[in-house]
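Have the viewer open and follow along.

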Amino acid sequence: MKLVTSIAEMRALCRTARSSGARLGLVPTMGALHEGHLSLVRSAQEKSDTVAASIFVNPTQFGPNEDFAKYPRALEGDCALFEREGVELVFAPSADQMYPKGAVTWIVVEGLSERLCGKSRPGHFRGVTTVVAKLFHIVEPDFAFFGQKDAGQVAIIRRMVRDLNLAVTIEVCPIVREPDGLALSSRNAYLGDQERQSALVLYRSLMRVQKRFENGERNSASLVAAAKQVFAAEPAVRLDYIEVVDPETLEPETAVSKSTLVAVAGSVGQTRLIDNILLEP
């Protein structure tokens with residue numbers, strides 16, 4: 001495994017890796033790796049001849065009062081995990097490398113970027129799409145691997161790739177959960193014992209929706225109301241949103257008549273968490 005910090009070197013190494021026709025897979029991360037990230041690496045190994053990963057805590061996707069400064073960083077440990085999983089290239093640039101002084105250019109997926117987390121985190125998805133576009137231009141992967149937990153991000157990146165005719169296939173991998181259902185997240189490290197128990201309300205609310213759906217409920221407002229009842233019993237968690245939307249456009253759906261995304265976000269103390277499920281009629 002080779003750790004790379006410069007754009008020029010990463011670009012050169014990736015071009016060499018692809019020169020013989022080998023398929024190159026990219027796993028973009030912000031580090032603080034957990035089993036969810038490693039499941040992306042394993043999927044990349046199955047589809048790719050060479051696997052590259054990035055570790056970059058992207059400042060432009062954090063708001064002014066968010067957790068950029070305290071976001072967990074563990075480069076040495078992350079690299080050891082990537083090496084164990086057979087990743088050949090790890091790209092860990094500085095912010096100055098990724099954002100030259102005076103940079104004013106952004107990639108914005110209009111419409112979609114204001115939905116779900118984009119409502120309460122203005123500018124978040126602009127930062128995501130800009131940095132992911134940069135990574136795609138540097139690495140030029142055949143495949144890029146993302147987790148279903150970030151379903152809004154996935155929809156927006158897919159639209160960006162389509163609209164800009166980028167030559168990369170987006171692969172989406174299932175959510176990885178703890179045995180009790182909590183979706184794995186780097187931010188789970190912030191949670192105290194009681195907060196972690198409270199955080200399970202996100203999963204419980206989705207399971208309530210799933211149960212109502214399996215019992216024949218198709219009206220979105222009724223499904224959302226059922227989820228909110230679960231949240232009402234857990235006052236330690238502040239609900240940001242629970243929405244029933246089209247998984248590609250993120251537009252609200254009044255009823256579940258096709259594959260539909262149910263997405264939830266809430267804050268436990270100072271920690272913001274997200275989760276989702278797909279309903280399949």
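What follows covers a central strand, one of its neighbours, the nonpolar cores and a pocket.

First, some ground rules: this is a predicted model, where local features need pLDDT of at least 70, side-chain atom pairs count only at pLDDT 80 or more, and totals for chains, interfaces and linings use all residues. Numbering starts from 1 along each chain as its sequence is written, and side-chain values use heavy atoms, with hydrogens and water left out.

Start with β5, residues 143–147. Helices (H or I, at least four residues) and strands (E, at least two) are DSSP runs numbered from the N terminus. Five of the five residues of β5 are buried, so the strand is largely enclosed by the rest of the structure; buried means under 20% relative accessible area, exposed over 50%, and partly exposed in between, with a 1.4 Å probe and protein chains only. In a regular strand, side chains alternate between the two faces of the sheet. Here F143, F145 and G147 sit on one side, with A144 and F146 on the other, and both faces are covered.

Who are its partners? β5 runs parallel to β6 (residues 169–173), joined by five bridges, with A144 opposite I170. It also pairs in the parallel sense with β2 over two bridges, and G25 stands opposite F143. Pairing needs at least two DSSP bridges between the strands.

Stay on β2 for V27, which counts as buried because its relative accessibility is 0%. Its contacts (heavy atoms within 4.5 Å), leaving aside neighbours within four places in sequence, include H37, L40, A44 and F145. The C-alpha atoms of V27 and A44 are 7.4 Å apart, although 17 residues separate them along the chain.

Now zoom out to the nonpolar cores, sets of buried Ala, Val, Leu, Ile, Met, Phe, Trp, Tyr and Cys residues joined through side-chain atoms within 4.5 Å. The largest has 43 residues, and M10, M98, F136 and I157 have the most contacts inside it. Among the elements that each supply at least two residues are α1, β2, β5 and α7, but α6 gives the most, with nine. A second, separate core of 24 residues includes L182, A199, F231 and V264.

Finally, look at α7 again: it gives six residues, the most of any element, to the lining of the second largest pocket. Arginines R158, R159 and R162 are among the lining residues, as are E248 and L261.

Conventions
On a 1 Å grid over the protein atoms alone, a cavity is a set of points where a 1.4 Å probe fits but cannot get out, and a pocket is an open set with protein on both sides within 12 Å along at least five of seven lines; lining residues have an atom within 4 Å of a point.
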